[in-house]
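Hi there,

Here is the structure I promised to pass on. Have a look at it first, and my notes follow below.

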Amino acid sequence: MGFLLPAFLAGFAALAIPVWIHLRHREKKGATLFPSLMFLRRIPYREVRRQQLHHLPLFLLRALLITLLVAAFARPYLRRAVPVATIDGGSREVVVLLDRSWSMEYGTRWSRAVADVRETLAGLDPADRATLVLFDTEASVPVRAGSSAAEILPLLDTLRPGPRGTRFGPALKVAQDILAASEMPRKVLRLVSDFQRSGWPELEEIRLPASTAFEPVPLGSPTAPDALVASVDLRREGGSRVVIAARVLSRGADRPATPVSLTVNDRVVERRTVDLPADQPVLVTFPAVTLTAAGSRGVVTVEGTDSLSRDDTHFFTLQREDPLPVLLAAAPVTSAQDPALFLMRALAIPGRPALQLDRRIASRLGAPDVRGREVIIVHDAGLSGAGARAIEERVREGAGLLLLAGPGTGADAWPEALRPARIGAVVDRSVERGGTMAAVERNHPVFELFRGPETGDFSSARFFRYRRLDPVEGANVLARFDDGTPALVERTVGRGRVLAFASPADNTWNDLPVQPVFLPFVHEMMVYVAGYSETPPWHRVGEVAPVVAGDSGRAVFVNGPGGTRDRVTTGADLLRFEDAGFYRVVEPGVGGREVLSFAANVDMAESEMTPLDPEELAIAIGGAAGPSGGPEDAPIGTLASGAEQERRQRIWWYLLVGVALLAVTETVVGNRLSGIIRRAPAGS
Amino acid sequence: MTGPRHDPTRATRFLDPGVLAAIGNLELLARTVVEGFLHGLHRSPHLGLSMEFAEHRPYNPGDDIRRIDWRVLARTDRFYVKEFEAETHASITFLLDISPSMSFGSGQVSKLDYARFLIASLAWFSARQRDRIGLITFDGSIRETIPPSTRHLTRILHALDRLTPGAGGEPGSALGSIADRVRRRSILVIVSDFYDQPESLLEGVTRLRATGSDVLAFHVVDPAERDFPYEGAATFEDLESGERIPLVPGDLRGDYQSMIAEHQATLTRHMGSQGVDYAILGTDQPLDHALFAYLSRRQAMARIR
């Protein structure tokens, strides 16, 4: 007997519920008041019996009900391996799946795995065909499928575990295809792995051909002592200082006085000695580090000898973040109330990116005011002359522009080359208590933050007046008022982005500035028009990232951690992280200047060594495994037919029927007892 | 204890404690109880009392012709009716236990409420007899004293209306203290749940009897105290001391009921030996049981006199 979903067996903890109910349920939370205990006190030792279970039959009924329910959810099945003798003779199609994830570096796993594969291949008959599938998160067939053992054996000496994690799905898929296409009378699938549970998310839809013999060779062990840097937290203090905290863990064993070091730009800046209790993460916080203008590369390392070294080190990069220069152009303040006050307050709130806000009068803008700005905001004002030309030039270079229409925004206030929409008449809806923003494009980056349920209630803002916007060709409407009029329109001008909003942020034409969505809405518009994106401090091995360094189209070289050197084009090529370490982007030529660096780390999920029951995997892919346990004693089991599998797994159905019957019985018995108890006075 | 024969099917509806609990006004409650009780009894309220002549007045149509003084008629040839004034014979003091255990009630009426109803009814009844009535409340010691007087009905009812449970203590010692205050022979009506050692209670009652007074003891018992119907495991808290004991009551019921029965038997035996009328009143019982007990005792005293 086994279980397809053994995780559900944790539900047996629910047995504590009836135990608790029958031990304590009849006991009131508060004490039962009684006039005098002078008689009860004379009866000795009876209070001990309060811990006894009451209504034992009902308790047993409930416990049995929970037991059956949990067992049903865990999907029990019968283990019935088909004897070897039942397998027909004939040539075999053998597929060997060899796990080359980095956890296979642990101890002697890899050498044992290679030895097993070698022995398996050596034991094949000349008529047999073999395929070696190497897999980690991906699967590859290094030698043509269906080769002879002699063609594969020389390859084994050159193989090493890679830096990636484990996923059984791709490898099994490859095996499924090979075995399904094979006309050999006997099909064998041998899986050599440390069988980490994290590699089988139970989402894979793989069914191997019927009567395929499955030979699991589990090499892992549930207890594998290992020290690792589980994660690194980077907390910025201002733009150029960062506090680095590492979460360090020792699995399976205590590690007293373990040194943990922080290296920045190849120099050890701090070394701490910490006691690592088994399976309890320890947070190691290092002093704040000041970043250089070019950025910094950092490494946190758990020092000392370890059976698994890849997870001892965590790489990261840190970039200095200077405030984003923002220009606010608005009409001069003529009254006590500044119409742009709410906008300025919103922009002054610290966030990422940090903003450096300057305000100018829109009608007096000149080229120097615009130069170097990443974002320009024009609040209820017109643009003309040199200012308009400078803004257009800056936007074409990549800056963002946010236009807000209002009472001071005439029909020709926005230059034609920049405007996402023509400005129309004022829509006055004050008599109907204002309109609302009814249709919002929540898949757009500006509104992505508000996509979740219960977030971003734009309908709470009332718009009493707004300008009718007529989108120009090529512009996108991102939001509309409830009468269908565009509220927010987007357009791309050169390399820059322009957003136009139909109403000002003045709390007069609308009350949006006093609504909770205002601050995040403004922030998201700023992030979008600025084209800002946070640079992740590290990537995972296997991921890709664009190389954005200065102007696009430049040829640069990437020096990888293994001494690799690749030529890429900035803004066009994607960099793929094949190994853990730093990837330095340098300009061409000897001693080329480093313009950018990336960090890549192995997937830490791979350090989780909890094993997967091969039987469970076998059932999931189509049948029961044979009683294999290692390369020496591995008779071949046969994958059962669909009907046979269904029959073996059908136990849950009977269990659920039993649960239903028990539930009815429990209801009847429980009601009867409740009636008896209700007739007793309070306190009983 | 013996008393007048009682037809339980008549007029006892208003004597049910559960019904009485709905009457907010204690005087109205007492009046309801006594009038209902007497109505069911079909007897004169002036039972066992001698009447004292006050004066003659001319006969008016409608007067009871039995009250015409025939001797005066013979002498004067005029109809005169005799006016009488009831004698005030007895001094009655109600001794009410207000210890916290009396606040217990498993049903609609707590023991203290029941005791209040009982004393209010008896007081109102006694006031109609023109007895002097007083009240002493006690827990471990004496809490409030209203000396006996024919005009103290309202005061007693008011005191009963506002009383709250007192502190814990032994009623036996409190009864001894009360005995020291009794100055003249009277009827002492003790209403208590008698949670004390029988020896201590007996000592207190003996001292009360030593004053020459007649003593009636009403032992108020809640049905839950009597039957102990609790089932599930629970922590029981002593209302007197606050002590808590975890128990499985179902296992203790037999032993507990035996002890309670033995306690009551001991009290019955000892109090009987002291000439004390001892009656057990369940708070689920109509009040007429107590009224009969009281009445019979009152009659017996009137006969002695």
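Let me start with the packing. The largest nonpolar core has 83 residues; here a nonpolar core is a set of buried Ala, Val, Leu, Ile, Met, Phe, Trp, Tyr and Cys residues joined through C-beta atoms within 7 Å. A residue is buried if 20 or more other C-beta atoms lie within 10 Å of its own, exposed if 12 or fewer, and partly exposed in between, with C-beta atoms placed from the backbone. The residues with the most contacts inside this core are A:Val95, A:Val96, A:Leu97, A:Leu98, A:Val133, A:Ala175 and A:Val192. Helix α5 (residues 168-181) of chain A gives the most to this core, namely 7 residues. A second, separate core of 69 residues includes A:Ile377, A:Ala390, A:Ala487 and A:Ala530.

Before going on, a word on the source. This is a predicted model, in which local features need pLDDT of at least 70 and side-chain atom pairs count only at pLDDT 80 or more, while totals for chains, interfaces and linings use all residues. Residues are numbered from 1 along each chain as its sequence is written, and chains are lettered from A and ligands numbered from 1 in the order in which they are written. Helices (H or I, at least four residues) and strands (E, at least two) are DSSP runs, numbered from the N terminus.

Back to A:Val192: leaving aside residues up to four places away in sequence, A:Val192 touches A:Val96, A:Leu97, A:Leu98, A:Asp99, A:Ala113, A:Asp116, A:Val117, A:Val217 and A:Leu219. Contact means C-beta atoms, placed from the backbone, within 7 Å.

Next, the strands. Chain A has an open sheet of 4 strands in the order β12-β11-β15-β16, with antiparallel pairing (two strands pair if DSSP finds at least two bridges between them). Its edge strands, β12 (267-276) and β16 (313-318), each pair on one side only. Within this sheet, β11 (residues 255-264) and β15 (residues 296-302) of chain A pair over 5 bridges, and A:Val260 stands opposite A:Val302 in β15(A). In the loop between β11 and β12 of chain A you will find A:Asn265, whose phi is near 50 degrees, a positive value in a residue other than glycine. A:Asn265 counts as partly exposed because it has 15 C-beta neighbours inside 10 Å.

Elsewhere in chain A, β24 (residues 476-481) pairs in the antiparallel sense with β22 (residues 437-440) over 3 bridges, where A:Ala439 has A:Arg480 as its bridge partner. β24(A) also pairs in the antiparallel sense with β25 (residues 486-493) over 4 bridges, and A:Ala479 is bridged to A:Leu488. β24(A) and β25(A) form a hairpin with 4 residues between them, and A:Gly484 in the turn has a positive phi of about 90 degrees.

Finally, a helix in chain B. The 12 residues of α7 (residues 198-209) of chain B should span 16 Å at 1.5 Å a residue, and the end C-alpha atoms are 16 Å apart, which agrees; the expected span is 1.5 Å times one less than the number of residues. Buried in α7(B) are B:Leu201, B:Leu202, B:Gly204, B:Val205 and B:Leu208. These residues cover an arc of only 165 degrees around the axis, so they are on the same side of α7(B); the arc is that of the directions from the helix axis to the C-beta atoms. Their cover includes α6 (171-179), β6 (187-192), β7 (214-221) and α9 (249-273) of chain B.

Best wishes

Key: Contact = placed C-beta atoms within 7 Å.
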